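Subject: Structure handover

Hi,

Here is the structure I promised to pass on to you. My notes on it follow below, so please have a look whenever you get a moment.

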Amino acid sequence: MKNWLIIINLLFFAPNLTFGQIAVRVFNFRPTGELGFVMKPTTSVEIAFQDRFSKRSTKRFRTGFSLQYISMKPRLDVFPVSGVGSDANGFRVLPGKQSFQKYAMIQMTGGMDYAFIHKEKLNVFAGFDIVGGMAAIEYELYYPGFLNEGYQGGGVLAGFRFRLGIEYALSDHFGLFINANRNAFLIAEHGKFGANDYGFGIRYSFD
C-alpha cells in the first residue's frame, strides 16, 4: 500500500552510499504520547551503512542507510478501556479491558547529516531521515457480555526523524558517536505516533 516509500528510500539514497562504512548504535527508544502511555521505553540496536565525514572543510554532508528492530512491552498486563454499546434499552457505556501480546516494528531509514561544526576529527551534526517499514501488533480486547476478540496484524509504517549528534574520529578506520533522534511515524490503520531515542555507537571504515 505504501511500500513505494521504501522503494524511494532505496532508489534515492543507495547509489550515494559507501558500503565500506558500517556503524552500530545501541539506543534507548522512548515512545511518546498515546504510544508512550501504553508502552515502556526499550533498548535496541541499529545497524547503518554510512559515509564518514570528509576531511575536506568544504564537504560537510554525508548520506546513510540503516535497519533497526524495535520490540516494546506494555506498561501494564491489562489496561482498563471503555466503549459504547446499544441494546433495547438504548446506549450505555461498557467497561472492558485490553492486553497486548506483541508490539514490534522493523524500520528502514535513509537520509543525510550536515556537520555544522566540521573539524578533522570532531564533527557536530544535524540530520534527517525518511523512515519506512512494518509493524506487527497483537492484542486481546474484552467487554464482558458484549465483545471478546483477538487481533493479530499490524500495518505499513512510514514517517521521518530528525537528529542531532557528535562524532569523534579515533583513527582513519574507527569513530565514536552519540546522537538523539525525534521520530514521527504513521502505522496504517492504527494512527500517528511519536518517539525519542538516545544512543551511542561506533563506526568502522573498511577502506
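Let me begin with the salt bridges: the count comes to 9, where a salt bridge is a side-chain nitrogen of Lys or Arg within 4 Å of a carboxyl oxygen of Asp or Glu. Before the details, note that this is a predicted model, in which local features need pLDDT of at least 70 and side-chain atom pairs count only at pLDDT 80 or more, while totals for chains, interfaces and linings use all residues. Residues are numbered from 1 along each chain as its sequence is written, and side-chain values use heavy atoms, with hydrogens and water left out.

One of the salt bridges joins Arg161 and Glu46, at 2.7 Å from N to O. Arg161 sits in strand β7 and Glu46 in strand β2, so this pair ties together parts 115 residues apart in sequence; strands (E, at least two residues) are DSSP runs, numbered from the N terminus. Arg161 is buried at 4% relative accessibility, and Glu46 is buried at 4% as well. Buried here means under 20% relative accessible area, exposed over 50%, and partly exposed in between (1.4 Å probe, protein chains only).

Arg62 and Asp113 also meet in a salt bridge, 3.0 Å from N to O. With Arg62 in β3 and Asp113 in β5, the pair ties together parts that are 51 residues apart in sequence. Both residues, Arg62 and Asp113, are buried.

A further salt bridge links Glu167 to Arg203, the closest N and O atoms being 2.9 Å apart. Glu167 belongs to β7 and Arg203 to β9, so parts 36 residues apart in sequence are tied together. The relative accessible area is 4% for Glu167, which is buried, and 3% for Arg203, also buried.

These residues come together in a network of salt bridges, whose members include Arg25, Asp129, Arg163 and Asp197.

Most residues other than glycine have a negative phi. Glu189 is exposed, with a relative accessible area of 74%.

Finally, Gln98 is found in strand β5 (residues 90-118) and counts as buried at 17% relative accessibility. Leaving aside neighbours within four places in sequence, Gln98 is in contact (heavy atoms within 4.5 Å) with residues including Asp77, Phe79, Tyr139 and Leu141.

Best wishes

Note on methods: Helices (H or I, at least four residues) and strands (E, at least two) are DSSP runs, numbered from the N terminus.
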